[in-house]
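Dear colleague,

Please find below the structure that I am handing over to you, followed by an account of what was found in it.

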Amino acid sequence: EVMVRPLIRIALGRRQPMRRIVNARTITPVSSMPGRKGYLRAQLLRDEATGDYLVQPLGNGNSGSSHLLATLAEANSLIVVEPDDTDFRTGDEVRVAFLAQRG
């Protein structure tokens with residue numbers, strides 16, 4: 001999704017090879033491994049009152065490989081975590097990439 005998809009889209013001559021990215025507030029704390037860019041599976045929601053994007057990480061980023069496919073199937077977005085950013089508190093703003101719509 002992050003590396004191969006953009007290359008395929010460029011080869012097909014698409015003008016916008018990358019997914020759309022928005023800023024969203026976290027619903028729960030988010031953590032990632034320090035020193036590398038991370039992409040965490042997530043559910044992107046919309047606050048009905050304000051129209052702001054909200055994001056809920058799926059699964060436990062520190063767990064093993066169990067349930068990786070299950071959380072990927074539930075994900076409609078990826079939280080983009082830069083190498084210097086490791087911890088976000090509830091309500092912090094993060095960058096989120098949309099995934100393809102399902103169904």
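**Findings**

In the hairpin formed by strands S3 and S4, six residues lie between the strands, and Gly51 adopts a positive phi near 80°. Please bear in mind throughout that this is a predicted model.

The pairing of these two strands may be described next. Strand S3 covers residues 38-46 and strand S4 covers residues 53-57; the two run antiparallel and are joined by five bridges. Within this pairing, Arg46 is placed opposite Tyr53 of S4, while Gln43 has Gln56 of S4 as its bridge partner.

Strand S4 also pairs with strand S1, residues 21-26, through two bridges, and here the strands run parallel. In S4, Val55 is the residue that stands opposite Thr26.

Thr26 is located in strand S1. With a relative accessible area of 4%, Thr26 is buried, because this value falls under the 20% cut-off. If neighbours within four places in sequence are left aside, Thr26 is in contact with Val55, Phe88, Arg89, Thr90, Gly91, Asp92 and Val94.

Val96 counts as buried, with a relative accessibility of 0%. Not counting residues up to four places away in sequence, Val96 touches Arg20, Ile21, Val22, Ala24, Leu44, Val55, Ser77, Leu78 and Ile79. For one of these, Leu44, the C-alpha to C-alpha distance to Val96 is 8.0 Å, with 52 residues of separation in sequence.

I turn now to the second largest pocket, which holds about 180 Å³ of space. Its lining is made up of 14 residues, and those closest to the pocket centre are Val2, Met18, Ile21, Tyr39 and Ala97. By class, nine of the lining residues are nonpolar and five are charged, with no polar residue among them.

Helix H1 also contains Pro6. Is Pro6 buried or exposed? Its relative accessibility is 8%, and Pro6 therefore counts as buried. Apart from residues up to four places away in sequence, Pro6 touches Glu1, Pro17 and Met18; Met18 is also one of the residues closest to the centre of the second largest pocket. The C-alpha atoms of Pro6 and Gln16 are separated by 8.5 Å, the two residues being ten apart along the chain.

With kind regards

How values were computed. Residues numbered from 1 in each chain as written. Predicted model: local features only at pLDDT ≥ 70, side-chain atom pairs only at ≥ 80, totals over all residues. Heavy atoms only, no water. Pairing = 2+ DSSP bridges. Helix = DSSP H or I, 4+ residues; strand = E, 2+ residues; numbered from the N terminus. 1 Å grid on protein atoms, 1.4 Å probe; cavity = no way out; pocket = protein on both sides within 12 Å on 5 of 7 lines; lining within 4 Å. Points joined across faces, edges and corners; volume = space filled by probe spheres on them. Nonpolar A, V, L, I, M, F, W, Y, C, P; charged D, E, K, R; others polar. Buried < 20%, exposed > 50% of the residue type's maximum accessible area, 1.4 Å probe, protein only. Contact = heavy atoms within 4.5 Å.
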